[in-house]
Amino acid sequence: VAKKLSGHQGFANSVSWNWTGELLLSGGDDHNVCLWKPRDQKPLLLNFESGHTGNILGVRFLPGGDSVIATCAQDTTVKLHKLGPGGTKSTLTLRAHTD
């Protein structure tokens, strides 16, 4: 282990690197998403509430840049988060089907 990153309360269940290997996402039991730049002095760039009501089980950068990420959780939803200036975000929720 090269470096320990502290940002979640509870377990971090999923981590994912961006395409260049410069940024790292994590999602955990606290329902938060952390955006990291592990090689920086202050590696935590952003920590935000995902809007999920269950533990986050997966996080991924979507192709085409580092501004859109997807999360999935035990609440049976997938959320798309668009990161903007200053760390603001907008979210689209995709709900599970029942049949």
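A polar contact here is a pair of N or O atoms within 3.5 Å; within protein, one must be able to donate a hydrogen and the other to accept it, and residues adjacent in sequence count only if both atoms are side-chain atoms. Keep that in mind for the histidine I start with.

First, the basis. This is a predicted model, in which local features need pLDDT of at least 70 and side-chain atom pairs count only at pLDDT 80 or more, while totals for chains, interfaces and linings use all residues. Residues are numbered from 1 along each chain as its sequence is written, and side-chain values use heavy atoms, with hydrogens and water left out.

Now His 8. His 8 sits in the segment before strand 1 (12–17); strands (E, at least two residues) are DSSP runs numbered from the N terminus. His 8 counts as buried because its relative accessible area is 18%, and buried means under 20%, exposed over 50%, partly exposed in between, with a 1.4 Å probe and protein chains only. The His 8 side chain makes a polar contact of 2.7 Å with the side chain of Ser 26, and another of 3.1 Å with the side chain of Asp 30. Not counting residues up to four places away in sequence, His 8 touches Ser 26, Gly 27, Gly 28, Asp 30, Asn 32 and Cys 34; contact means heavy atoms within 4.5 Å.

Next, the core. The largest nonpolar core has 11 residues, among them Leu 23, Leu 25, Val 59 and Phe 61. Such a core is a set of buried Ala, Val, Leu, Ile, Met, Phe, Trp, Tyr and Cys residues joined through side-chain atoms within 4.5 Å. Strand 3 (32–36), strand 4 (44–49) and strand 5 (56–61) each supply at least two of the core residues, and strand 5 gives the most, with three. In soluble globular proteins, nonpolar side chains tend to be buried together. Leaving aside neighbours within four places in sequence, Val 59 has contacts that include Val 15, Leu 25 and Ala 70.

Last, strands 7 and 8. Val 78 belongs to strand 7 (residues 77–83) and Thr 93 to strand 8 (residues 89–95). Val 78 is partly exposed, at 33% relative accessible area; Thr 93 is also partly exposed, at 27%. Thr 93 and Asp 75, 18 residues apart in sequence, are 11 Å apart in space, C-alpha to C-alpha.

Terms used: Helix = DSSP H or I, 4+ residues; strand = E, 2+ residues; numbered from the N terminus.
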